[in-house]
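Subject: Structure handover

Hello,

Here is the structure you asked about. Please open it first, then read my notes below.

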Amino acid sequence: MEFEFYYYLIFLATGVIAGFIDSIAGGGGIITIPVLLASGMPPHIALATNKLQGTFGSGMASFNFIRKGFIHWREVAIGVWYTFIGAALGTYAILLLDASVLAKTIPLMLVAIFVYTLLSPKMGESDRHAYLGQHLFFLIFGLGIGFYDGFFGPGTGTFWTIALVALLGLNLKKATAQTKVMNFTSNVVSLAVFLYSGNVLLLVGLLMGMGQLIGAYVGSNMVIHKEVKFIRLFFLTMVALTLIKLIYGSYFS
């Protein structure tokens with residue numbers, strides 16, 4: 001597909017904004033997917049191209065968190081492995097199943113996440129007792145959320161962050177850092193499948209990916225230097241916006 005020149009500028013700017021938002025609170029997809037669809041791309045090409053540009057953002061954010069010491073491989077290696085498996089199964093499943101049922105149930109889960117976070121003002125301010133062992137946690141959520149990201153996608157970062165805080169006892173900064181590593185893992189797996197299927201617009205995806213690198217670098221640095229209350233507010237805002245987008249797309253469009 002070919003586009004007018006101004007569209008490429010829009011794609012680049014969209015990548016910057018989405019990378020910034022996604023590295024702090026997740027939800028960058030609610031910006032990128034509508035822009036890609038508005039350009040006239042068929043849905044399957046828009047989703048595939050979105051995975052390419054999203055891989056740049058999650059990769060940059062992961063790199064920055066690793067460089068600043070927020071990630072220790074012994075803490076995330078099991079999660080990366082299970083997420084890899086889950087994403088591979090989910091991406092394969094989307095070729096066989098209808099995603100519309102999931103699209104209608106995800107907003108309900110996000111409502112629960114939003115209410116839980118809103119009613120827990122101290123959530124994520126410091127590490128606390130874990131309700132699940134690390135291996136069991138990643139077995140359940142690595143396979144589950146990895147599958148979901150490969151199969152459908154919206155809200156993946158939100159699900160990871162809330163699970164890491166609520167069940168593994170991480171503070172919000174560490175949870176955000178680990179979320180990006182898991183996001184990067186599932187993005188790479190899904191992207192590999194989409195590249196093989198030939199559905200990715202490489203020029204658009206790479207251009208948006210350049211924007212993602214910039215936005216994700218700035219956003220991940222804000223997570224590192226800002227107080228948890230700022231991250232929590234940003235997180236709640238993106239959950240609310242994601243909810244509005246998903247509910248409208250699932251039930252009213």
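What share of the residues in the protein is buried? Of its 253 residues, 52% are buried. Please keep in mind that this is a predicted model.

Overall picture

The protein has 10 helices and zero strands. Read from the N terminus, the elements run α-α-α-α-α-α-α-α-α-α. I also looked at contacts between residues at least 6 apart in sequence. Of these, 83% join residues at least 24 apart.

Confidence

The mean pLDDT is 81. A value of 70 or more is reached by 76% of the residues. Helix 9 has the highest confidence, with a mean of 91. Helix 5 (residues 100-118) has the lowest, with a mean of 61.

Two packed helices are described by the angle between their axes and the distance between the axes.

Start with helix 3 (residues 43-67). Helix 3 and helix 8 pack at about 145 degrees, and their axes are 8 Å apart. Their crossing is left-handed. On the helix 3 side, the residues in contact include Leu47, Ala48, Gly54, Gly59 and Phe65. On the helix 8 side, they include Ala177, Phe184, Leu191 and Phe194. By class, this contact has 11 nonpolar, nine polar and two charged residues.

Next is helix 4 (residues 73-93). Helix 4 and helix 8 pack at about 30 degrees, with axes 9 Å apart. Here the crossing is right-handed. Helix 4 contributes residues including Trp73, Val76, Val80, Phe84 and Thr91. Helix 8 contributes, among others, Gln178, Met182, Thr185 and Val193. The classes for helix 4 with helix 8 are 10 nonpolar, seven polar and one charged.

Then comes helix 9. Helix 8 (residues 172-197) and helix 9 (residues 202-225) pack at about 170 degrees, with their axes 12 Å apart. That angle is over 145 degrees, so helix 8 is roughly antiparallel to helix 9. From helix 8, Lys173, Thr176 and Leu195 take part in the contact. They meet Leu202, Val223, Ile224 and His225 of helix 9. Four of the residues in this contact are nonpolar, two are polar and one is charged.

Two residues to look at

Where does threonine 185 lie? Threonine 185 is in helix 8. Its relative accessibility is 10%, so threonine 185 counts as buried. Setting aside neighbours within four places in sequence, threonine 185 contacts Val80, Thr83 and Phe84.

Is phenylalanine 138 buried or exposed? Phenylalanine 138 has a relative accessible area of 0%, so this residue is buried. With neighbours within four places in sequence left aside, the residues in contact with phenylalanine 138 include Glu75, Ile78, Gly79 and Tyr82. Also among them are Leu143, Trp160, Leu164 and Leu168. Gln178 and Met182 are in contact with phenylalanine 138 too. Isoleucine 78 is 60 residues away from phenylalanine 138 along the chain. The C-alpha atoms of the two are separated by 6.6 Å.

Best wishes

Notes:
Residues are numbered from 1 along each chain as its sequence is written. This is a predicted model: local features need pLDDT of at least 70, side-chain atom pairs count only at pLDDT 80 or more; totals for chains, interfaces and linings use all residues. Side-chain values use heavy atoms; hydrogens and water are left out. Axes are lines fitted to C-alpha atoms, for helices over the stretch in contact, and angles run from 0 to 180 degrees between N-to-C directions. Helices (H or I, at least four residues) and strands (E, at least two) are DSSP runs, numbered from the N terminus. Angles under 35 degrees count as roughly parallel, over 145 as roughly antiparallel, 65 to 115 as roughly perpendicular and the rest as oblique. Contact means heavy atoms within 4.5 Å. Ala, Val, Leu, Ile, Met, Phe, Trp, Tyr, Cys and Pro count as nonpolar, Asp, Glu, Lys and Arg as charged, and the others, Gly among them, as polar. Buried means under 20% relative accessible area, exposed over 50%, partly exposed in between (1.4 Å probe, protein chains only). A crossing is left-handed if the near helix is turned anticlockwise from the far one by less than a right angle, and right-handed if clockwise. pLDDT is the predictor's confidence in each residue, from 0 to 100.
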